[in-house]
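Trainee: I would like to understand the terms used for this model. Can we take them one by one?
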Amino acid sequence: MKVTILGTGSWGTALAKVLADNQVNVQMWGIEQDVIKEINDQHQNSSYLPGLELAPVIKATNDLEKAVTACELLVFAVPTKAIRKVAESIVPILSRSKTRPIIMHVSKGLEQGSHLRISQVIEATIPRELFQAIVVLSGPSHAEEVAKEDITTITAASTSLEAAQKIQTLFMNDYFRVYTNTDVIGVEMGAALKNIIALASGILHGLDYGDNAKAALITRGLAEITRLGIKMGADVLTFSGLSGVGDLIVTCTSVHSRNWQAGNLLAQGYNVEEVEKRVHMVVEGIFTTKAAYELSQEYQVDMPITAGLYQILYEGASLKTVIQELMGRPGKQEASLASHQEEWAKNQVKGE
């Protein structure tokens, strides 16, 4: 099976290693010539995963035609803001190719302006007759730990259960376990929105708040994610799974998380531009905060943490002022799972 990973960053490289370990023929495509050369000549990617020895069977190229032609699985492992451009670039290649691949993406964000989920961007860009199905691979998974073969569990979600099961079979091994799910909306929204809460978690750490505050943030953050997700058509139970609470925990508690790192730097007084330079990689949570805030207004969903972070990132509000305002909000009753399920059921009826 010919598998191509579009992107030579940390997550794309870690997934290439998983596939190579599973005896799958995998190649990577990227635009950074020095990274491509290092992967091919030295079997390393020191820019993104220093210290990892890659199998010689993993090859990299900057030739998009070569990478995409006759590909049976095409993996988008590029930042959210690059998804549409890369998808547009491969349309003519797929049109000439006789192979209709499964398309999988591993990005965690929402497109700016349109607020589309990644699978929606791909569907809007690539004609349906050119691919079999779209699968989302998401869950609590730091690339650095996958590269070290640390135990990882993740979700493959698709409206085509058969396609999700193919991905499950392809990637599963003794350190990388894959579950399937058909709730694409819930999996993608959980993946995108948890980056906002991870940013806030980094801020709390940088301001020297303790475990009580961080637990409160994660719990109330999950409530916000669930409320908006349900309004957009997600299954409430998805948010208690790997791509919901699982991904939320790992990104809010680990120094590996670039969103956590960014929040920590914000708390130290760096501005957004300085933060992005110091993290060295795309901080999806910064862009997702704006998209999620605008969606919360559109769907009339109460998301106070997201709104507070939006004020910090885009309106210049001080960190401590926003925290004080959040803590000073009027008291309210904590929502139960039953109430979320009731809201989900109402939305299902409206959808019919």
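Mentor: Start with the record: UniProt positions follow the numbering used here, feature names are shortened, and annotations may be inferred rather than shown by experiment. UniProt lists residues 183-323 as "domain: Glycerol-3-phosphate dehydrogenase NAD-dependent C-terminal", in an unreviewed entry. Residues are numbered from 1 along each chain as its sequence is written. The model is predicted, local features need pLDDT of at least 70, side-chain atom pairs count only at pLDDT 80 or more, totals for chains, interfaces and linings use all residues, and side-chain values use heavy atoms, without hydrogens and water.

Trainee: What makes up the span 183-323?

Mentor: It is 76% helix and 0% strand. Helices (H or I, at least four residues) and strands (E, at least two) are DSSP runs, numbered from the N terminus. The end C-alpha atoms lie 33 Å apart.

Trainee: Why is H1 called mostly covered?

Mentor: Buried means under 20% relative accessible area (exposed is over 50%, partly exposed in between; 1.4 Å probe, protein chains only). In H1, 11 of 12 residues are buried, among them Trp11, Leu15 and Leu19. Just after H1, Gln23 has a positive phi of about 65°.

Trainee: Why are H8 and H11 called oblique to each other?

Mentor: Their axes cross at roughly 40° and come within 6 Å. Axes are lines fitted to C-alpha atoms, for helices over the stretch in contact, with angles from 0 to 180 degrees between N-to-C directions. Under 35 degrees is roughly parallel, over 145 roughly antiparallel, 65 to 115 roughly perpendicular, and the rest oblique. H8 and H11 are therefore oblique.

Trainee: Which residues make the contact?

Mentor: Contact means heavy atoms within 4.5 Å. Among them are Leu199 and Ile203 of H8, and Trp260 and Leu266 of H11.
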